[in-house]
Amino acid sequence: MNYAELFRATLPETVLEIASLVVLVVDLAFLREAALKVRVAVASLLGVAGCAIGFWTMQFEPAGGFSYGGSLLLSTGGYTAVVQAAILVLTALTLLLLVDSTFTRHVGEFVAVMLMAAAGGLLISAAQDLIVIFIGLELLSLGLYILTAFAKKSGRSAEAAIKYYLFGGMSAAFLLFGFSYLYGLSGSTNLQQIARAAIVPPAAGATPLLYVALVMIAAGLGFKVAAVPFHLWAPDTYEGAPAPGAAFIASVSKVASFALLIGIGTAILHLFDGVHVVRVTTGFLTMFPSRYSGLAAPWSLILLILAVASMFLGNLAALVQTSVRRLVAYSAIAHAGYILLGLAYLSYGPRSTEAILYYVVTYGLTTVGAFAVVDVVERATGSDRLEAFLGLHKRNPLLAAVLLVLFLSLAGIPPLVGFWAKFNLFAAVLQVSRGAVPFALVALAVAFSAVSLYYYLQVLKRAYVMPAVEESRIRVHPVTLLVLLAVAAGVLVLGCFPGLLGGWINGFFAAI
Amino acid sequence: MLAWTIYLSFAGALVEALLPKGRAAVARWLALVFAVAALALAVAGFIAGWGQPRQVIVDVPWVPSMGIHYILAADGISRVLVLLTGLAAVAGVLFSWNIEHRTNEFFAFYLALIGGVFGVFLSFDFFLLFVFYEIAIVPKYFLISIWGSTRREYGAMKLALYSFVGSAMVLIGLLAAYATSGSHSTGLIQLAQAGFPVSFQMWCFPLVFVGFAILAGMWPFHTWAPTGHVAAPTAASMLLAGVVMKLGAYGCLRVAMGLFPHGLDPWGFSFIGIGSWRDVFAILAMIGIVYGALVALVQSDFKFVIGYSSVSHMGLVLLGLMTLNQIGMTGAVFQMFSHGILAGLLFAIVGRIVYERTHTRQLADLEGMHLSRRLPFAAWAFVVAGVASMGLPGFSGFVAELQVIIGSWQADPWWTISIGVGIVVAVAYTWRALQKAFFGDLTPTAHALEAEQAHKFDPITWPEVAGFSLLAATSLAVGLFPRILLGAIEPAIHTMLAGGLR
């Protein structure tokens, strides 16, 4: 094993871990007597610095990876680079939102846990091996449970955390159970080798067991991305967690988990990559250009079922919510449905991966902004009910404008980035497969986007249209305002010039 | 030059949004300046392009990886509709001179809507067209729900949802066309040349056509229109009837019929006389003409009369499109222009000149108010607008109706009957509204006369006179010299028909 190479491949994770320790030491050793404001500022600045250094150490290159014994452990470059960069940026933004929060006195711990969870996110977005996947997932999940429970004085926070923890523990058990079947059938923990083993006997003969394993794994990962029917934790957690924690769960954790799904899907489709291909298998490949037996078909089917269920339930349940945080949670479930649709029709080439990355990254960005707005309003009014947004345009026009941009983007209105992301994703699905089924599903997804406008408008209607009950001004911390404006500007600019981000993502795949 | 109409409107929206609050006069004048400048550009572009074929204004790659281009181009149809938008925008600003509540925001949404509309008429890329189309929808919601009147939140939400269901259908069509063509482009011209299989066109055409036709007020998807019009503030209902419904009709013509012409082919079998999508939509259009007119006849709210008359007149546009012959389609585009001007005028009279003074739109209440005596300007303005709208020779409505009648006669004489019925009923509902609202013959009691003396209506202001003169003069000019528009429309329709609707 080449440790230097391993160190190079996991440098961003290492940087985040070191940063989290530095934050702890600085906060606990030097700032014990300092005011809470100072401690928050120092901790979040140190965290942001950690993210920046992590970003700087990243390897921006076409797909490669770290292998051990001929099997790929961690992928680098390619989709991993895009996702890791996004995770670092989103983590930094979330940390900046921490300024002037008062929900806890243990700021150092909060930031440290968040950075460790982010490191777990980086790990799963690179993982190509069952063990690494599980370790990364647990690192991420355990961090998230703690973040959810951090508002000690709030009963809802505790309730959300215990629900999240129980669901999470159960789904991790399912995941591990599925992994054990896969290992038992294929004799390997490497994704590609498992995918290869699945098309030859003896594993190919045991297809029912393979399917059971896949369903178990889907249950475990469906929990992470909040896909129906494994979504039950999401509304409670989004509602109960302290706002920066909720923003982190809604953005970074989502982005990382979708990266893991991309990694699994890519491994299943690219099962012969990196193998010394003899002529026979080349002929085999040309016979089955993009989809063949083995794991690809059942995996797609499972993802499709999750996608359709998520689109249905997420959009319909969001219609009746009265809490904006729950509304965002259900809309997140709906968005997960669209992304899963893209994942179910993953292309052999980079086309759909690029589209999914675009969607996930921009969705994460928008959600961080949305949570920041909700947080500001919640702190000013003491509630995240729809009524709390009444007359927002009078109480803070800038905040209302940011909300308008972000929510319209989530609803998929051009020229904002959410529209382009959806268009690109659906076009990718149709380009991969032109049958009646994908077409019907895309039509369903588009129809549901039209439905989603209704509930986003419910919030905007209160902010802009309905008469205000209170007109006192809502104050926004300058740093928060800056983050919000940056996010809104990003949503607008990336929407008007979709080629900017698209071209950057495309750069990592140009070599393929 | 025409492209600047778009940029200017969006710039205006941005300036208005950033304007400090409480400067209503500044906001008004700025909006007027931007609207007049856009109109000047539209007129200049119209004159410069008169009789010219399609000219590309801008063509730069937008999203190279998907072959999406930022293509703005204009042919005769586009120029006519851009001109209409410019006129409607100026008139709308003039008739919203009395908006005091959040004035700068009102004009910000207003100009954003106008910018989107200009964009749709000038886009020659399906994706770009769709982007502008959606940009035009959102401001409508806010215009109606914030500044509207009767049941405004209901009307606004209904309109927004109808629009979005329509645009979702169009988006599905766009995705399907893009994936099926394989040509790696969303340019309207490239897609039209992609040679879609007839079976594909057969289902994609109705999808996209209905998607756009929802916004054009096609029966039975018209129900958003009357409630939306009634709820909207004057300027918004002028724009809604004047240009937004034209967006739908334009989309039907340019996109649905332009990209999927074989969708109009016969199915090969017929069911109770209906043998193609063309028959289906023609029948829906005819029902719309007659139904809209009949419903307008029994309304008690003045604005509902105009709202339903819009449905009837837009049916005429759709029927004109379905004739698939030179004169009928020319008439359809002409009717788009004519209805845009006249519906705007009617809504302005009802919503601004009358309602803002009487605070009621119920015909029964208006009957006792003797408006012909107390608001003579409004009465005579409505007479002019009413006769123009019912198709009196000399005004634009006549030219348009005549062409559609001839076109539909050539297509199928039976179709003409519905237009005839529509026109006759139009005379009836216009006179009924006119008589009830302005020339009520109840003899006033001495007490009522005293009350009138005590509560005089505000005098007519200059923006109202200016707006009225602009629209009425346009209708008259176009009615007397139809060549102004026909010279632009006819070659464009001819090219479309000659190229198999491309």
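Hi everyone, let's start with the interface: chain A and chain B bury about 3000 Å² between them, and carbon and sulfur atoms give 81% of that area. On the chain A side, the residues that lose the most area to chain B are A:F423, A:F439 and A:V465, and together they make up 19% of what that side buries. Please keep in mind that this is a predicted model.

How many residues of each chain are in contact across this interface? On chain A there are 34, and they meet 31 residues of chain B.

Between the two chains, the count is one salt bridge. The partners are B:E153 and A:K461, with their closest N and O atoms 3.7 Å apart.

Which elements of chain A give two or more residues to the side that touches chain B? They are α17 (397-411), α18 (417-432) and α19 (436-464). Of these, α19(A) gives the most, with twelve residues. If you sort the residues on that side of chain A by type, you get 26 nonpolar, five polar and three charged.

Let's move on to the nonpolar cores. The largest one has 398 residues, and the residues with the most contacts inside it are A:F407, B:F209 and B:F438. Take B:F209 as an example. Leaving out residues up to four places away in sequence, B:F209 touches B:M218, B:C252, B:A256, B:M257, B:F281, B:L318 and B:M322. There is also a second, separate core of five residues, and among them are B:V387, B:A388, B:M390 and B:F395.

My last stop is one residue in chain B, namely B:L363. You will find B:L363 in helix α14, which covers residues 363-367 of chain B. Is B:L363 buried or exposed? B:L363 counts as buried because its relative accessibility is 2%, and the cut-off for buried is under 20%.

And what does B:L363 touch, once residues up to four places away in sequence are set aside? One set of its contacts is B:Q299, B:S300, B:F302 and B:V305, and the others are B:R432, B:A433, B:K436 and B:A437.

Notes: Residues numbered from 1 in each chain as written. Chains lettered and ligands numbered in written order. Predicted model: local features only at pLDDT ≥ 70, side-chain atom pairs only at ≥ 80, totals over all residues. Heavy atoms only, no water. Contact = heavy atoms within 4.5 Å. Buried area = accessible area lost by both parts, 1.4 Å probe. Salt bridge = Lys/Arg side-chain N within 4 Å of Asp/Glu carboxyl O. Helix = DSSP H or I, 4+ residues; strand = E, 2+ residues; numbered from the N terminus. Nonpolar A, V, L, I, M, F, W, Y, C, P; charged D, E, K, R; others polar. Buried < 20%, exposed > 50% of the residue type's maximum accessible area, 1.4 Å probe, protein only. Core = buried A, V, L, I, M, F, W, Y, C linked by side-chain atoms within 4.5 Å.
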